[in-house]
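Here is a quick tour for anyone meeting this structure for the first time. Have a look around, then read on.

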Amino acid sequence: MSVNEQNYKTIFEKTKAAGACLVAVSKIKPVSDIKALYDLGQRDFGENYVQELVEKQPQLPADVRWHFIGHLQSNKVKYIASFVHLVHGVDSEKLLLEIDKQARKNNRVIDCLLQVHVAQEETKFGFDGAEVTALIDRIVSGSLALPNIRVKGLMAMASFTEDVETLKQEFTAMKTLFEKNATHEAPNLKLEILSMGMSGDYELALEYGSTMIRVGSLLFGARGY
Ligand SMILES: *Cc1c(COP(=O)(O)O)cnc(C)c1O
């Protein structure tokens with residue numbers, strides 16, 4: 001199998017020691033790799049592409065928790081709404097409204113994370129800190145009604161850099177924003193999850209307060225696009 005079992009055990013233990021959750025990012029990787037990690041006990045898997053997720057989901061056991069971690073287009077929500085466990089990258093009000101609508105059609109509540117833009121790169125999606133705070137205020141006050149959504153936290157992608165100081169600054173900014181907004185609560189909003197940290201920076205992310213890391217290449221090997 002092309003799953004790195006030793007890395008899995010190490011990362012799993014470190015995540016557990018930090019009281020966090022490990023999402024194994026399986027984009028581009030075959031179902032057989034996912035099954036291999038499943039057999040080692042992993043249940044949370046992250047995918048980036050709707051079509052790929054829709055193809056893989058029926059081929060794996062029903063107790064897999066599928067995290068959608070990519071950029072989700074509103075017109076594709078309907079394909080994953082019946083089974084998705086957590087949508088990490090919610091970056092617009094339009095998308096929130098569409099997830100709410102599709103969740104209602106499927107008679108369920110869908111858990112979501114709001115994506116925050118902390119990285120210096122221009123290309124990363126997400127709200128800035130002020131926007132996310134304003135959005136949370138509107139959800140809590142009820143002026144934005146989302147009965148079939150539960151906002152469970154925030155998600156961020158740090159800069160793609162090896163500069164530890166930059167990463168520390170970004171993780172700290174996220175943690176501060178998270179704590180500030182965690183005092184707000186409503187029936188459909190409670191910030192419990194801070195999703196940050198990938199193969200290159202997961203240890204630092206855990207140290208800086210991440211509660212959910214998304215790790216791909218360390219578990220499944222590099223992705224050959
Ligand atoms: C691909 C991806 C990951 C995993 O990246 P690795 O560097 O392979 O661990 C994590 N989060 C998001 C949003 C991704 O797209």
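Is F45 buried or exposed? F45 is buried, at 0% relative accessibility. Keep in mind that this is a predicted model.

**The core**

F45 is also one of the residues with the most contacts inside the largest nonpolar core, which has 64 residues. L72, I99, L114 and L154 are listed alongside it. Take L114: leaving out residues up to four places away in sequence, its contacts include H88, V90, F127, V132 and M155. Apart from that core lies another, of 6 residues, with L86, M155, I193 and M212 among them.

**Aromatic pairs**

Searching the whole structure turns up 2 aromatic pairs. Here they are side by side:

| Pair | Centre to centre | Angle between planes | Type |
|---|---|---|---|
| Y8 and F12 | 5.9 Å | 40° | tilted |
| F45 and W66 | 6.2 Å | 45° | tilted |

Y8 and F12 sit 4 residues apart in helix α1, so about one helical turn separates them. Y8 is buried at 5% relative accessibility, while F12, at 34%, is partly exposed. The other pair reaches across strands: F45 lies in β2 and W66 in β3, so it ties together parts that are 21 residues apart in sequence. W66 counts as buried too, with a relative accessible area of 2%.

**Around helix α2**

Helix α2 covers residues 31-39, and its buried residues are V31, D33, I34, A36, L37 and Y38. What do they pack against? The list runs α1 (5-17), β1 (21-25), β2, α3, β3 (65-68) and α9 (217-220). After the helix comes G41, which has a positive phi, near 115°.

N48 counts as buried because its relative accessibility is 15%, under the 20% cut-off. Not counting residues up to four places away in sequence, N48 touches V25, K27, F68, I69 and G70.

**The cysteines**

How many disulfides are there? The count comes to 0. C21 is partly exposed, at 22% relative accessibility, whereas C112 is buried, at 0%.

Technical notes:
Residues are numbered from 1 along each chain as its sequence is written. This is a predicted model: local features need pLDDT of at least 70, side-chain atom pairs count only at pLDDT 80 or more; totals for chains, interfaces and linings use all residues. Side-chain values use heavy atoms; hydrogens and water are left out. A nonpolar core is a set of buried Ala, Val, Leu, Ile, Met, Phe, Trp, Tyr and Cys residues joined through side-chain atoms within 4.5 Å. Buried means under 20% relative accessible area, exposed over 50%, partly exposed in between (1.4 Å probe, protein chains only). Contact means heavy atoms within 4.5 Å. Helices (H or I, at least four residues) and strands (E, at least two) are DSSP runs, numbered from the N terminus. A disulfide is a pair of cysteine sulfur atoms within 2.5 Å. Rings of Phe, Tyr and Trp (its six-membered ring) pair if their centres lie within 6.5 Å; planes under 30 degrees apart count as stacked, over 60 as edge-to-face and the rest as tilted.
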